[in-house]
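Hi everyone, and thanks for coming. I'd like to walk you through a structure that may be new to you, so please have it open as I talk.

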Amino acid sequence: MLEIESLSKSFDKGKSFALKNVSFHLKEGDVCALVGESGSGKTTLVRLIAGLETPEAGIIRLNGETVSSLNSFVPPEKRKVGLVFQDYALFPHMTLLKNVLYGISKDKNKNERAREVLNLVGLGGMEDRYPHQLSGGQQQRVALARALAPNPSLLILDEPFSNLDAMLRMQLRNEIFEIVKATGVTAIFVTHDTQDALAVADEILILQNGELIQKDEAANLYTKPNSIYVASLFGNTIQLSNELQSAFQCPLNPACSHAIRNENFAINEECEHVTHARVIKRTFLGHDTQLLLKLDSGQKISVLTKDRNVADLIMIGFNSKDVLEFNS
Amino acid sequence: MKQAGSKNIFSFKYRLQRLKRDSNKWAILTLLILFLIVLPIVSIGVKLFSGPGETWSHIVDNLLLDYIGNSLFLIFACGAIVLLFGVSTAWLVARFEFPLRKQMEWLLILPLAIPGYIVAYAYAGIFDYGGTLQLILKAAGLPFVRFDIMNKSGLAFVLGISLFPYVYVSSRAFFLNQANNLMEASEMLGVGPVKTFFKLMLPMARPAIIAGLILVLMEVLNDYGAAKYFGVNTFTTGIFRSWFSLEEPETAVYLSALLIVIVFSLILLEKFQRRKLRFNSNRDNNMRLNRKQLSSKMQFVILLVVLLPVLLGFLLPVAQLIYWATLTYENVFNLYFLTISVQSFGIALLTAFVSVIIAVILIFFSKWSRLGFIKNIAKLGILGYAIPGAVVAIGIMIPTIFIDRWLIDIMDYLFNVDMGLILTGTLVALIYAYVVRFLAVAYNPIESTALKVSNAIPDSSNMLGVGNLRTFFKIEFPLIRTGIASAFILVFVDVLKELPLTLILKPFHVNTLAVKAYEYASDEMVMEAAIPSLFIIVTVMLPVIFLNRLLIK
């Protein structure tokens, strides 16, 4: 449905690349999350797909039609891509109804359709309000309704929750993706929050410094990250250096690098690889307590535990199946 | 570096393909408009290669030093006057409480409503033999002391007192928005107010002050009417002399080119002084200003200090003009005068309309073009504001005469038709020149309101399937209306006041209020100049007050 081939974008004539040689495909109906730190190129990627930027190289195809290549460029208004902006970008001088009608002014049943999508996002009855009279979450939903109204073949949500506070964010995230999945539209969801991505996406793309470094299903990304960077995006990890390997008496393949997730350490439990350690600092984090440990061999590591009353001298260990292995 | 297997996407071939892909109609139209706007300035540059006129060596030997000396004197003397009045009044109004402060705030802008040449006429009348000052002194039984104002010092005073509001406005904005925190910090450190002003505020406000000062100096170099009336030889009067009296366009072009060099050196100087200095804090200070309450005696002194430039730059000249108007209205106020007024307003309205459209085209078409360099060069279109009106006029004459001759030859050759001039000496050329000169006046307010509209807004309109032009009318236009309105008003006002460019380019049968005032003054009928002058002042004053409201808000 969406095909991207060796897409590259540079804003400074090739001195640096915002996006470098990115290729991937999306199937009809997929909900895909685009994850990366700020500056990783995720917004650039979706702006290229939307047609708001021109690429330096590469091809973008939508529904089999080439919309962007070295010789051709379909302008954004002809691409049938819906985009929900980070700051919602509602038209401030128009009511909700006018905002939603804006993209479907030529449709025969435009009024029914507008009311339909407003009801879909739960804002039926507020048609005559202006954007500034709404809360952030409501504005977000109007932006979604407006983007969905013309039945786009692809829907892009660019950091849709970054302007909301944490409580609202979770609730709205679930609501919005229920709506998105109910409409069956192919969607790309840009976020820097891996929890958001894991919660809603069928598939996750990880960008780092403009390069696509992994594309996989959510569960696979968590259990089989292909680099320590990806592993650390989904939770704290500790790299198993040679020193740590010998401390835990756990020799691993020297051709690869290894890491283990913080939560896979077990305290005072039977494990395959264990060592003794002394707690030298405790930091209370609410749900968890962070322990700074000094191992018998002298290295320091920090782990999380739910047990607030850990003794000063403990046994710490992990099992081989939890070790993540990367080709370096 | 070319790697095996991967193509070099920055090779010439690929760049060319992308250029072809990204060239849309908006890019081409932007370039076309830019070409027309830059053409007059380029024409002067090109003409330089065809050699100066016969009198050039005469001018170099006898007059050039005079031109340079006088223009430099005016730059420094006017600069000193506008700094003195502009910065002091801005500081007092922004930092101190005193009676009538709110009224003074906008009264201080009013001198801008009177063009320099009209202030010059009024002051000549005040200080002349048999002038107002003599009458008053005689009535009071005092001996007459004559100030000779018709010289370059007098000219510097007249221009300075009518132009200081540029510096007042720019530095007041700084003192209002940025100064509060700094002032308080300084006070907390135990530094007195006088030391704070000179050690902290003045250096901090320097970029803002100099930005205003540069505008003043451009106006000074642009002036023709006042210098001519006071008999001071400047570059601009020199250009007029060689154009009209000596009938040597080549010499006028050479002088114009020199003047452009001076103006651009000033601009570079400003850029240089601003280079590292970015004092403006990135957020507006919303905190309420704490104006100082001094003793009532001191408050009265402040009021007098602030009142002085208003008196000199506005009240006094206007009083003189009103006095003259009462003496001459019977002779001046007739049907012909009304015709001139209508022509004047018509031309100004038409120019304002065209300028706003061109400014909108430059700002938005360049944004819609997908080529990066178009966006970067679109601002070249506003260079005309730096170029003195007389120079722009000559720059317009060169290509329009060329095109006219070419058209006449072609028509004669092809159809044997004897055609007249269709551009030279017509309204088309005049309005073309106004647009070149005042495009910046329209461009800046529109651009600054457009910048406040997040890019995501037009982008989301595009994403909803609506093209650029419709997006502009449905989304952007309603959101930038205030910017467009102020652009329209500002150009209207500037055209109404404009003299040198109009004198050179106005069609034979057309007249404007400014030209009429100038003609009266040149024909030894300066009293009759009062009525057209007052007409200009009143028409300009209303929008200036309106815009100040916008600015304060």
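This is a predicted model: local features need pLDDT of at least 70, side-chain atom pairs count only at pLDDT 80 or more; totals for chains, interfaces and linings use all residues.

Thr539(B) has its place in helix H24 of chain B, which covers residues 530-552. Is Thr539(B) buried or exposed? With a relative accessibility of 18%, Thr539(B) counts as buried, because the cut-off for buried is under 20%. Setting aside residues up to four places away in sequence, Thr539(B) touches Phe345(B), Phe492(B) and Leu496(B).

Staying in chain B, have a look at helix H18, residues 427-452. H18(B) has 26 residues and reaches 36 Å from its first C-alpha to its last, close to the 38 Å expected.

Now let's step back to the domains. Chain B is divided into domain 1, made of 21-47 and 338-553, and domain 2, which is 51-329. Taken over C-alpha atoms, the centres of these two domains of chain B are 25 Å apart. Their contact involves 41 residues from domain 1 and 47 residues from domain 2. Between them, the two domains of chain B bury about 3800 Å², with 78% of that on carbon and sulfur atoms. On the domain 1 side, Ile394(B), Met527(B) and Ile537(B) lose the most area to domain 2, together 13% of what that side buries.

One more pair in chain B: Gly45(B) sits in helix H2, residues 25-47, and is partly exposed at 29% relative accessible area. Gly45(B) and Ala257(B) are 212 residues apart in sequence, yet their C-alpha atoms are 6.9 Å apart in space.

What about the interior? In soluble globular proteins, nonpolar side chains tend to be buried together. Here, the largest nonpolar core has 216 residues, and the members that touch the most others are Leu2(A) and Phe175(B). Domain 1 and domain 2 of chain B both give residues to this core, so it lies between them. Beyond its neighbours within four places in sequence, Leu2(A) is in contact with several residues of chain A, including Phe24(A), Ile49(A), Leu62(A) and Ile188(A). Apart from that core lies another one, of 48 residues, with Val84(A) and Leu118(A) among them.

Next, where the chains meet. How much area do chain A and chain B bury between them? The figure is about 2700 Å², with 65% of it on carbon and sulfur atoms. In chain A, Leu70(A), Glu77(A) and Tyr102(A) supply 26% of the area buried against chain B, more than any other three residues. This contact takes 36 residues from chain A and 28 residues from chain B.

I'll finish with backbone angles. Most residues other than glycine have a negative phi. Lys80(A), which is not a glycine, has a positive phi of about 60°. Lys80(A) lies in the loop between strands S5 and S6 of chain A and, at 63% relative accessibility, counts as exposed. Tyr88(A) also has a positive phi, near 70°. Tyr88(A) lies in the loop between S6 and helix H2 of chain A, and with a relative accessible area of 6% it is buried.

Definitions and conventions: Residues are numbered from 1 along each chain as its sequence is written. Chains are lettered from A and ligands numbered from 1 in the order in which they are written. Side-chain values use heavy atoms; hydrogens and water are left out. Helices (H or I, at least four residues) and strands (E, at least two) are DSSP runs, numbered from the N terminus. The expected span of a helix is 1.5 Å times one less than its number of residues. A nonpolar core is a set of buried Ala, Val, Leu, Ile, Met, Phe, Trp, Tyr and Cys residues joined through side-chain atoms within 4.5 Å. Buried means under 20% relative accessible area, exposed over 50%, partly exposed in between (1.4 Å probe, protein chains only). Domain bounds come from an automatic or database domain assignment. Contact means heavy atoms within 4.5 Å. Buried area is the accessible area (1.4 Å probe) that two parts lose on being put together, summed over both.
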